[in-house]
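Please look at the sequence and the structure for a moment, and then I will walk you through them.

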Amino acid sequence: MSVALEVAAHEVAALQVEDLRVRYGRLPAVDGVSLRVEPGQVTALIGETSSGKSSLALAAARLLPRAAAVTGTVLIAGRDLTALPAREFRRQRAGMVGYIAQDAMAALNPVLPVGRQIAELFGVHRGMSRAAADEQAVRELARVRIDRPGAVARAYPHQLSGGMRQRVMIAMAMALSPPLLIADEPTTALDVSTQAEILSLVRDLQAGTGSGILWITHDMGVVAELADWVAVMYAGRIVEQGPAAGVFGHPVHPYTEGLLRTRRDLRAGRPGTPLYQIEGSPPTPSADRRGCAFAPRCPRRTVTCTERRPELVTVKASHESGWLAACHHPAQQGAGS
Amino acid sequence: MTAPAPQARPAVAARDRVGDGGSHDGGVCVLGFEAVSKYYRGVAALDQVSLVLTRGATLGLVGESGSGKSTCVRLALGLERPSSGRLTFDGTPYPRGRRRQRPLRRQIGFVLQDPYDCLDPRMRLRDIVSEPLRIHRMGGRDTDQRVGRMLAAVGLDDAPLDSYPARYSGGGRQRIAIARALITDPAVLLCDEPTSSLDVSVQAQIVNLLLEAKRSRDLSVLFVSHDLDLIGRVADTLVVLYRGRVVESGPAAAVRARPRHHYTKALHDAVPADHPARRVLQARTGLPPASGAPAADCCVFADRCPAAQARCRTERPPVVREADGRSHACFFPLAWPTDHGQTDHGQGEISS
Amino acid sequence: MARTLIRRVAFGVIAVLGVAVLAFLLEFVVPGDPARAIAPRAQSAAVLANIRAQLHLNRPLVVQFVDYFAGLFRGDLGTSYVQRQSVASLIGPRLATTGALALAGVVAEVLIGGGLGIVATLYPRVRAAVTAVNLTLLALPQFVVGLVLLLVFGFRLHLAPVTGGAGPAEIVLPALTLGLVGAPWYAQIVADQMADSLSSAYVRTAVAKGLPDRYILWRHVLRNVLSPAITMVGMDLGAYLSGVVTVEVVFGWPGIGLLAVESLQNLDRPVVMGTVIVGAVAVVLFNLLADVLRMYVDPRTREDPA
């Protein structure tokens, strides 16, 4: 199912994914996803365990191990990196896409100072001398609002706090000014006050660089704060995607609705009363699923839902093309906001 | 060890108690921390923390990383002893020694954060849930039935008793953990971030399960979390911890709506928005990072507080108890307009 | 970090003292009368009693104990019963020769074992073969390997000298023996650590940064492999320096191990104890050095865990 390519065709998307499929053995982790990230905008990808969001992020960044079978097209700033010979690919990738991992402690080399780990990029890709690269690394750390960047550059990952490590990862990903950033839940493990600072940092940085960001999360609040566009992922497929304000105001898919309602109830419900809950658990990947993956948990399900898989179709009466949902019983739409 | 006297009031001066279940007559103190401090290698993980869990109440302990909330949990479970101060259960101090603590352990069930770490992957479901019964010599011929009833109560009716944990999702495992926690029919349930590692769509299920368990078994619950919203939803009383000290406590609704302490307010302000049109985090510059270990005689939040003044850096703010069961530890607490058009500055009597 | 080191040194000293005490006490378990060892053909009890008096063996146990330890602190390990020389002067030169062998042995096992480990990791197709080689080497006792090498390269092929001696030509076979026998251990940890490293998140980050494969291997992967390898090297050097008895006996290598065996057979108590204590000091010292080196390589080990 092709995403509306008619949208702003004169502007090259930071990321364009067409019918991406990722399989581990027989099990599909990503089951035909098409997605766009516009330059200068944030597309949030929200999903839970086994939604396939991490596999999607890794596939888009071309970081999956060989064991995963990946098909489909991934264009970064209009270019297909895998079409390049291996050596060119390696040389260009850091300047095209920056990947920010969830667990910064694991994603940084424990025996090298963090400054060196950033400086490596300049040494290898820009041919800078060691001293010049180290200085540049300190400047990158200052850019992500680290106090005393010189001292931090000499520190090892285990000596820094979680928030600082995550800033280091962001600095590393942005060092060569790539047009696309892929962030896989970078604030999930952080305190809420640290998360708040990272989110506002990211928005400011993006305003400066104009890069597109694909931000993976499971937290609707983070989506509300960051996203221009949101894609909701469930069981390896996109079940709804559209402009963030519109989706938040009038969600079409029952899963999106459920997520929003859960959060709203948590924030504003009467204390001591039971919370609104979505029944059941997220499904595990399965090779032969009939019907809609969300049906077992869906308050609106009918027999059709268990027999026929709904396809992504344009949401009726929305003024923005590109707002899609995959549901046999979509919510009645008011005008998109 | 003498049998606990359920009606006895804790024999500790009123000035050491912060937060008393939101009711003026105090209620019966089921679990109490009395000026508890805990040091690791000279650094204070807890510094004069006092709190009271009254019978039938839910006490929410809010803190981020480094606040000392995990230390509180370990102390409450008897896994470690405080460096100073003491813990009481039903009015009597925690006994020393594992053997003497056993009757106490029977009365405190606990559910911890990581559902993938808290169940022995080599034990079958039946053994996991019945283990506390065996430890406390409450087993018998009907163990299997009790396990079955408990699993049904947590929503795992059809779970085969000889299955292994690997078969269950995060939510399922947490349910098993809850079943295990409640099987000895404890008086107190201690929950340490029970939903933080779970999917969002499953969190509400587990929280609802805990709420229902509390209601039907008349439990007293100590709920520890970093999520201010979640705690506000489930707890009657809130205690806010920052770097080992209690900075504020009181009835949950009041503390959330009209916080006295600047840290509580900062926590509140850091929660992301509900809707893209109402973003709150955009213009934030955030708080400066914390400096090294705080000195003993200053406010623990002084180096980051937007309202900090000279006094905050040289004197430790005493605990101030207000009329409605609220307390705070701040020289310059936030003021809020009352319904009568006046301003409530949070005055009260100094209790330490 | 200084605190950690001081703590290690202190424990090391306690360990050595503990070994010395144990060695002293064990003496009294060894059968045989030293006086008779010195003068095997003496007939009269008076002569034997005289010898015992000269050696202070007739003094109370406690006094002998104190004497011995006083001597230790002065660096005096006593006098050999058999050779009329100070123990220290006997052990001294042997220390150097064993040291050379130990070093050569460690180099051999690191190269052979490390090589096997790296090959097994980078070329999965030969992994089964490497495992087979490892298992074979593990199963062979030191003396079998030594004798086979001696037989093949010494007696049959005449490539290596077969008489005892301590020169560069003579060191090859014994070092090779140690290398082959110790290799599987290094192969195992190198392979494990490399596999761990290669599948880690930080290597994935390095790949995402577009760093060349060789660079990643060298700067990111191998540095992480060094830490456990260094620990093992420290242990091995210490252990070898306390006397690689089997190899020294097979090849006639004039080191501490050979000395210890001879002294034990001669009931030359002071020398035996001397070798035991020197061995303990070597073990402690080299483990300490390995710790220091590891702290340099892996910053996470610089503080003891809380």
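Predicted model: local features only at pLDDT ≥ 70, side-chain atom pairs only at ≥ 80, totals over all residues.

**Contacts and neighbours**

Let me begin with chain B, where residues 24 or more positions apart account for 66% of the contacts with a separation of 6 or more; two residues are in contact if their C-beta atoms, placed from the backbone, lie within 7 Å. Residues are numbered from 1 along each chain as its sequence is written, while chains are lettered from A and ligands numbered from 1 in the order in which they are written.

Chain B has 10 helices and 15 strands, where helices (H or I, at least four residues) and strands (E, at least two) are DSSP runs, numbered from the N terminus. Of the 352 residues in chain B, 48% are buried, a residue being buried if 20 or more other C-beta atoms lie within 10 Å of its own.

How many residues of chain B are in contact with chain A? There are 37 of them, and they meet 35 residues of chain A. Helices H6 (200-217), H7 (228-234), H8 (252-257) and H9 (262-269) of chain B each supply at least two residues to this side, and H6(B) gives the most, with eight residues.

Turning to chain C, we find that its contact with chain A takes 18 residues from chain C and 21 residues from chain A. On the chain C side, helix H9 (201-208) and helix H10 (213-241) of chain C are the elements that give two or more residues, with H9(C) giving the most, six residues.

Chain C is itself divided into domain 1 (16-74) and domain 2 (99-253), with bounds that come from an automatic or database domain assignment, and the centres of these two domains, taken over C-alpha atoms, are separated by 42 Å.

Finally, in chain A, eight strands form an open sheet of mixed pairing, in the order E5-E6-E7-E3-E8-E9-E11-E10, where two strands pair if DSSP finds at least two bridges between them. Strands E5 (97-100) and E10 (313-314) of chain A stand at the edges, each with a single partner strand, so one side of each is left without a neighbour in the sheet. Within the sheet, strand E8 (residues 229-234) and strand E9 (residues 237-243) of chain A pair in the antiparallel sense over six bridges.

Technical notes: Buried ≥ 20, exposed ≤ 12 C-beta atoms within 10 Å, placed from the backbone.
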